[in-house]
Amino acid sequence: DELRRLVAKEEQTTAAPAPAPELKPLGALEIGVIAEEDEEAHQEQETQEEAERVRAKTIGEENDRRMAQEWQAVERQLRDADSKTAAEADDGVFAGAAVVPERDGERKIAAKELEEYLRAKQVDWDDQDIEAYREPEDAGFSSIFCSCLALPQELDFAGSLPQRDFPFLVAKIPYDPGDPLHQDALKTIFTQLVDDPCPGISGSHWEDIGFQGADPCTDLNRSLGILSVLQCLRFVEQHRELARQIFASSETRTRQWPFMLVSINFTKRALEALRDGTLYPECNRRRAVMEVLDEVHHAIFYYFFCKLQAQSHEDQFRILNHTYAECPRGCLAMLRKFASRSAEPVPDTAAEEETTTFLDIADSGAGVKPASRTLPPLDSRLKQYAA
């Protein structure tokens, strides 16, 4: 019984709610004071928020003004740069490129002078890595063929190896427009071809003689450097009339092909013929290498030109690819043809007869003045018709 009484008492004590705190009623004055404090706090908060908004707006306007000033300065710089670029383009100078000093006047130089200048640089060639000889792909057949004809496959005259290495070393020297002799050599080529002074070391006039752009460095230094300049300079110097005739054929109404790019590629083909030993027999006969190499370059040009004249209706680039395919094995035959060219007069494109074709008649009917068109010589046309 006592235990039950204690448990019941404990349960009553636990279940009984805690007495609620006694609330003191607020008077009307106290309620008014609290309301005023809340209103002041609210107004103060609104004032701070408004000040923050004004401050943020001021900062934003200041940033916008500063950014506008900076952008205006950038636009001025861009306009100035564009004006400078346009001025430099007119003067033949490229923006971002090193300004190369232009030589006062123009001095024509000979290929011999440039070659001697390049030979003097040989002291710097000790560390150059060149491939002056490469076994031809059909070496087996070539060896049998040459042995049957008793053709020597090696250079056998005194000092032949340094002479053989020289053009490969020259091909390692890039064309440098800052070098006065390099600059004069290329200007001489231009003057010999167009018979006018060269306007400058860069500019659109270089495209007129067959470079791809206004800066000839790009094409010249892609593979063979100053060697291409040396061989073309010797070509226009020793065979100026032929070179000018070939150049004239590169810019006719019906055919356009880049003279200087083709010359660079012919230099490459001549060098390949030397590398695989094709030119060794002729080099041994003349006891010289550079002389033979230069003449092979001229001979390939002459071969290509004769093909152009004989196949006047054939695509010029198909003829060019055929000429490439004939090298290097056909280079000696081209050399012999070039040596005997005096007995075979080259067709004169300027003296070819003029005629009016049905295309000219159509042009004149449309109110366009008909232009004269040239035909190949009669014997060439008869061969084409017979074929």
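These questions and answers cover a helix crossing and some aromatic pairs.

The model is predicted, so local features need pLDDT of at least 70 and side-chain atom pairs pLDDT 80 or more, while totals for chains, interfaces and linings use all residues. Residues are numbered from 1 along each chain as its sequence is written, and side-chain values use heavy atoms, without hydrogens and water.

Student: How do the residues of the contact of helix 6 with helix 8 divide?
Tutor: Contact means heavy atoms within 4.5 Å. Helix 6 brings residues including L186 and I189, and they meet a set in helix 8 that includes V229 and L233. The division is 9 nonpolar (Ala, Val, Leu, Ile, Met, Phe, Trp, Tyr, Cys and Pro), 3 polar (the others, Gly among them) and 1 charged (Asp, Glu, Lys and Arg).

Student: Which kind of aromatic pair do F266 and F304 form?
Tutor: Rings of Phe, Tyr and Trp (its six-membered ring) pair if their centres lie within 6.5 Å; planes under 30 degrees apart count as stacked, over 60 as edge-to-face and the rest as tilted. Here the centres are 5.8 Å apart and the planes at 70°. So the pair is edge-to-face.

Student: Is F266 buried or exposed?
Tutor: Buried means under 20% relative accessible area, exposed over 50%, partly exposed in between (1.4 Å probe, protein chains only). F266 has 0% relative accessibility, so F266 counts as buried.

Terms used. Helix = DSSP H or I, 4+ residues; strand = E, 2+ residues; numbered from the N terminus.
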